[in-house]
Amino acid sequence: MRESDRPDRLYDDPLARNFVAAARSGFLETEDGAQRWAQLEALADTFFEGRTVTVRLIDDQVTEAVAQGCRQVVVLGAGLDTRAFRLGLPADIRFFELDLPELFAFKEPVLAGAVPTCDRRVVAADLRGDWAEALRANDFQPDVPTHWVDEGVLGYLSRADALRLAERLTELSAPASRFDVLRFAVDENPAQYSELRRLVRAGHEGEDRLAGLGPDAEEWLADRGWHTTFRSWAELVAPLGRPVDNPGVGLIIAVRA
């Protein structure tokens, strides 16, 4: 919503206003909702610049992968992703959004009346569980080149869960499939990261430390038949004209041999 209002916007997401309105309404129905909503807005504001650039970079990667022949797109931990509606993807592209049932319980009513340009499939499943079977049940084809999108969700899984997911994903990837993995190297000591971890891990305090694929992700992928290329954040962001400086952060682009 905030990005869409900028004259130099990196993307336009008209559905964002609907999500914000629905979420705010839900918060305000509770006794302390106004205070909690204000806290959430303040936290979101601290991540805005980096987050909005990430959205645009992932947009570009999806568009590029489709142009290179990937006919399926799978967004892991899709959240409120609206790319099936706003990127103008061809009608023959099968676009899978994978996330928890409670996420889609909120999302789908808000999207009522919106029409995707491609073949959008909602897959309600836990990435720590048997998500692959749920994907197959929604007509995913393992023999079709697929673009797998990680917009940071792997970083919220334990390393064991993230590696298990990547193993299964590899098994489902036809030659020429792509797997884009965000690589982070941030200082998690600032207050906003502590608050984000608290919100994300609510109810899961006893789980292993969140780690994603770990620092050797490129080597791990290469050992399993992926050709990897790393592009730094500075390289990716430079053409966009936004002052986002994240040393050590970037995108691992893996292509299945």
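User: What should I know before we start?
Analyst: The model is predicted: local features need pLDDT of at least 70, side-chain atom pairs count only at pLDDT 80 or more, and totals for chains, interfaces and linings use all residues. Residues are numbered from 1 along each chain as its sequence is written, and side-chain values use heavy atoms, with hydrogens and water left out.

User: Okay, strand 1. Is it mostly covered or uncovered?
Analyst: Mostly covered, with five of its five residues buried. Strands here are DSSP runs of E, at least two residues, and helices are runs of H or I, at least four, numbered from the N terminus. Buried means under 20% relative accessible area, exposed over 50%, and partly exposed in between, using a 1.4 Å probe and protein chains only.

User: Which way do the residues of strand 1 point?
Analyst: Q72, V74 and L76 point one way, while V73 and V75 point the other way. In a regular strand the side chains alternate between the two faces of the sheet.

User: And which strands does strand 1 pair with?
Analyst: Strand 1 pairs with strand 2 in the parallel sense over five bridges, and five bridges also join it to strand 4, again running parallel. Pairing means DSSP finds at least two bridges between the strands. As examples, L76 has L98 as its bridge partner in strand 2, and V74 has W148 in strand 4.

User: Switching topic: what's in the largest nonpolar core?
Analyst: It has 30 residues, and those with the most contacts inside it are L76, W131, L135, W148, F179 and L213. Helix 6 gives the most, with five residues. A nonpolar core is a set of buried Ala, Val, Leu, Ile, Met, Phe, Trp, Tyr and Cys residues joined through side-chain atoms within 4.5 Å.

User: What does F179 touch?
Analyst: Leaving aside neighbours within four places in sequence, the contacts of F179 include L76, W148, L213 and W226. Contact means heavy atoms within 4.5 Å.

User: How many aromatic pairs are there?
Analyst: Five. Rings of Phe, Tyr and Trp (its six-membered ring) pair if their centres lie within 6.5 Å; planes under 30 degrees apart count as stacked, over 60 as edge-to-face and the rest as tilted. F96 and F140 have ring centres 5.7 Å apart and planes at 65°, so that pair is edge-to-face.

User: Where do F96 and F140 sit in the chain?
Analyst: F96 is in strand 2 and F140 is in the loop between helix 5 and strand 4, 44 residues apart. F96 is buried, at 0% relative accessible area, and F140 is buried too, at 2%. F140 also forms a tilted pair with W148, at 5.6 Å centre to centre and 50° between the planes. Ring pairs link F96, W131, F140 and W148 into a cluster.

User: Which charge sits over the ring of F230?
Analyst: The charged end of R183, 3.7 Å from the ring centre. The rule needs NZ of Lys or CZ of Arg within 6 Å of the ring centre and within 35 degrees of the ring normal.

User: Last one: is T146 buried or exposed?
Analyst: T146 is buried, at 0%. Its side chain makes a polar contact with the side chain of Q72, at 2.8 Å. A polar contact is a pair of N or O atoms within 3.5 Å; within protein, one must be able to donate a hydrogen and the other to accept it, and residues adjacent in sequence count only if both atoms are side-chain atoms.
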